[in-house]
Amino acid sequence: MKILENHNLKKYNTLAVDCRCDQFAEIKSLADLEALPKDIKITEMLIMGCGSNILFTEDLHRFVVRFKPRKHITVVDGLVVAWAGTPWNDLVNWAVDKNLGGIENLALIPGLVGAAPFQNIGAYGTELQDSLVWVEVYNWHTGMYHRLSNEECMFSYRHSIFKYHDQPWIISRIGLDLRADSPINISYTPLQEKFINSKTQPTFKQVAQAVTEIRQSKLPDPYELPNAGSFFKNPVIESQIAKRIQRRFKDLPLFKNKHSDEEKTSAAWLLEQCGFKGHREGDAGFYDEHALILVNHGDASGQDLLRMTKMAKRAVKIKFGIELEEEVRVL
Ligand code: EPU
């Protein structure tokens, strides 16, 4: 494993922001993990996959560890075990090709397997936590591996224990329970529409294909138009407050939370109402087909992009009284 100094990260983040880090190492195997210096402080370390959920706003005085994309999937004791460096969508394709269900709704989500537990990736009514059994972490201070159960990961909407960044952990592998008899979930309206004329229940592979088509039709390919997916989380608001806001804004979309007296609303809708859909200043802007996607049209700096997101947050706060929270990690 080579350690590079003053390395440029532009090609390693999907917002294509020019940024340098003090030290950089690429991980291809467990042996590379074990070769990392043990004395790096937690606050001085940054672990990256594809950089598809990160906004760099300044040069990093950190040691950046980047997993080199490499597919490695095995079956152990009936569980599907994937190496952290496996591209997430390769895992989805591997599973549906073997007629194993559970993650087909998560097709085409960018990023690597090791990043998936961080924000409990989710789409079209499914979240990683629905099929994840354990996460294996490597502790770079002690050189030991630990397994965290699903419960220990403390998953919730786009959240997990890993977001606290208070342990010297690097996710090395995950174990998933994927099954041939896993229930098909096409409850989300755009998915339902895809299968409206089919008489039989779709296969996992057909669901993954449908999700892929929906995503391709509304989300820009980060390698053509640099972006980091949804920039903000969908706000979850106490029901009473949500209903009060809806009295003023009749079209405010609200989705009842199954587990609490709360409603989820659409950050994209809020941003669109504030005029941010397609809004652009210099090379920083929001996608013209989907207001939740921050895009870099060329040479926007991290600071340009950050300014745009702050403006959007302020506008939503003033118009609706709702505080948007970043989904993307801002550094
Ligand atoms: N909408 C607008 N304006 C827009 C786009 C959407 O008003 O420009 C409204 C529409 O009413 C639409 C609703 O927002 O019905 C929801 O939009 P969409 O179906 O595109 O989903 P989303 O809430 O914006 C979430 C996830 C996505 C995930 C999709 C599908 C978050 C923050 N985002 O987006 O995840 O793919 O649902 O399940 O939860 C990601 O996390 O990076 C991501 C892309």
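In this predicted model, four lysines, K2, K11, K28 and K68, come together on the surface as a patch of positive charge. One of them, K28, sits in the loop that runs between β2 (20-27) and α1 (30-34). With a relative accessibility of 39%, K28 falls in the partly exposed class. A35 and F255 are separated by 220 residues in sequence, and their C-alpha atoms are 47 Å apart in space.

Turning to charge pairs, the structure holds 14 salt bridges. In one of them, E136 pairs with R173, with 3.1 Å between the closest N and O atoms. This pair ties together distant parts of the chain, since E136 belongs to strand β10 (residues 132-139) and R173 to strand β12, 37 residues apart. E136 has another partner in S172, and the two side chains make a polar contact at 2.6 Å. S172 is also part of strand β12, and its relative accessibility of 0% makes it buried.

Two further salt bridges can be described briefly. D283 pairs with R280, and their closest N and O atoms are 3.0 Å apart. Both ends count as partly exposed, D283 at 24% relative accessibility and R280 at 45%. K317 and E323 also meet through their side chains, with an N to O distance of 3.4 Å. Here K317 is partly exposed at 38%, while E323, with a relative accessible area of 52%, is exposed.

Most residues other than glycine have a negative phi. N120 is not a glycine, yet its phi is positive, at about 45°. N120 is found in the loop between α2 (88-97) and β8 (122-123), and at 0% relative accessibility it is buried. R158, another residue other than glycine, likewise has a positive phi, near 50°. Its place is the loop that links β11 (144-149) and β12 (169-176). R158 is buried as well, because its relative accessible area, 13%, is under 20%.

Notes
Residues numbered from 1 in each chain as written. Predicted model: local features only at pLDDT ≥ 70, side-chain atom pairs only at ≥ 80, totals over all residues. Heavy atoms only, no water. Patch = residues over 30% accessible without salt bridge, like charges linked within 9 Å, V, L, I, M, F, W, Y side chains within 5 Å. Areas by Shrake-Rupley, 256 points an atom, 1.4 Å probe, with all protein chains shown as cover. Lys, Arg positive; Asp, Glu negative; His and termini not counted. Charge placed at Lys NZ, Arg CZ, Asp CG, Glu CD. Helix = DSSP H or I, 4+ residues; strand = E, 2+ residues; numbered from the N terminus. Buried < 20%, exposed > 50% of the residue type's maximum accessible area, 1.4 Å probe, protein only. Polar contact = N/O pair within 3.5 Å; in protein donor to acceptor, adjacent residues only side chain to side chain.
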